[in-house]
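Dear colleague,

I am passing on the structure below, and my notes on it follow. Please read them beside the model.

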Amino acid sequence: MEKEYVRGRVSVIIPVYNAEKYLCRTLRSVFAQTYPDLEVVLVDDCSKDRSAEIIAGFQKKHAGIVYCRQEKNMGAGAARNKALELASGQYAAFLDSDDLWRPEKTEKQIRLMKQKNCPFSYAAIEMMDERGRTVKGKRSLRESCDYSCLLRSTIIATSSVILDRNLLGDFRMPLRRSGQDYAAWLGLLRDGTTACGINEALVRYRVRSGSLSSGKGKSIRQVWEIQTQEEGIPKGRAAFHVCCFVWNGVKKYFF
């Protein structure tokens with residue numbers, strides 16, 4: 001039996017692991033949204049800090065919070081999948097526990113999706129450091145992205161993604177420890193679906209100190225593995241895609 005979702009509701013999917021440092025600000029940015037029908041689904045991946053206590057404090061003030069704690073640490077992909085299982089909304093919006101949304105983010109993306117009858121939307125980001133100071137302004141992006149585009153590009157930021165589950169079905173992420181978001185977006189676009197984007201910085205993406213060089217190296221390996229192993233792309237083509245991916249990453253961070 002096909003799952004029925006609450007029409008028009010946006011379920012915000014937030015995996016949580018030792019997020020006490022930023023979680024308050026992240027949740028405040030969600031509850032500041034101008035879109036009226038939001039549900040916040042937080043799955044705690046066995047945090048050892050005060051994350052659960054912080055969430056309990058928000059539950060006292062906001063009725064639309066669903067909280068679940070995993071029995072064991074399984075990674076962000078499994079946490080997101082559990083949140084998707086618990087979510088009741090037609091739309092699934094992804095947000096990392098240290099990123100922030102602009103107040104109009106959800107409203108603008110849902111409006112665009114309805115106008116274009118598009119099941120998948122994303123938006124531009126700006127980057128901030130651990131203290132919330134902007135380190136790079138808006139990263140311009142194309143206002144559409146298909147499978148071929150995503151093979152070569154870092155265009156889709158997870159904290160900007162909204163999916164229409166009435167059109168895409170009961171979606172789940174691949175159970176990878178890392179890179180599951182990139183693998184998931186490729187899987188959704190593989191059948192010819194095109195995602196629509198807003199070239200406006202509706203998300204503030206947090207860059208941790210020391211994460212740029214190590215993070216980019218890890219991302220390159222993930223792209224190679226996902227394309228050659230999971231997408232079955234020949235190594236020659238995948239190598240070309242990785243080169244494009246690296247160049248787009250350089251432009252993203254340094255230009």
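The structure holds zero disulfides, a disulfide being counted as a pair of cysteine sulfur atoms within 2.5 Å. The sulfur of Cys196 has its closest cysteine sulfur in Cys118, and at 3.1 Å that is too far for a bond. Cys196 is buried, with a relative accessible area of 4%, where buried means under 20%, exposed over 50% and partly exposed in between (1.4 Å probe, protein chains only). Cys244 is likewise in no disulfide, as the nearest cysteine sulfur, that of Cys243, is 7.0 Å away.

Please keep in mind that this is a predicted model, in which local features need pLDDT of at least 70 and side-chain atom pairs count only at pLDDT 80 or more, while totals for chains, interfaces and linings use all residues. Residues are numbered from 1 along each chain as its sequence is written, and side-chain values use heavy atoms, with hydrogens and water left out.

Two residues other than glycine have a positive phi: Asn18, near 50 degrees, and Cys46, near 65 degrees. Helices (H or I, at least four residues) and strands (E, at least two) are DSSP runs, numbered from the N terminus.

Helix H7 (residues 180–189) is mostly covered, with eight of its ten residues buried, among them Tyr182, Trp185 and Leu189.

Kind regards
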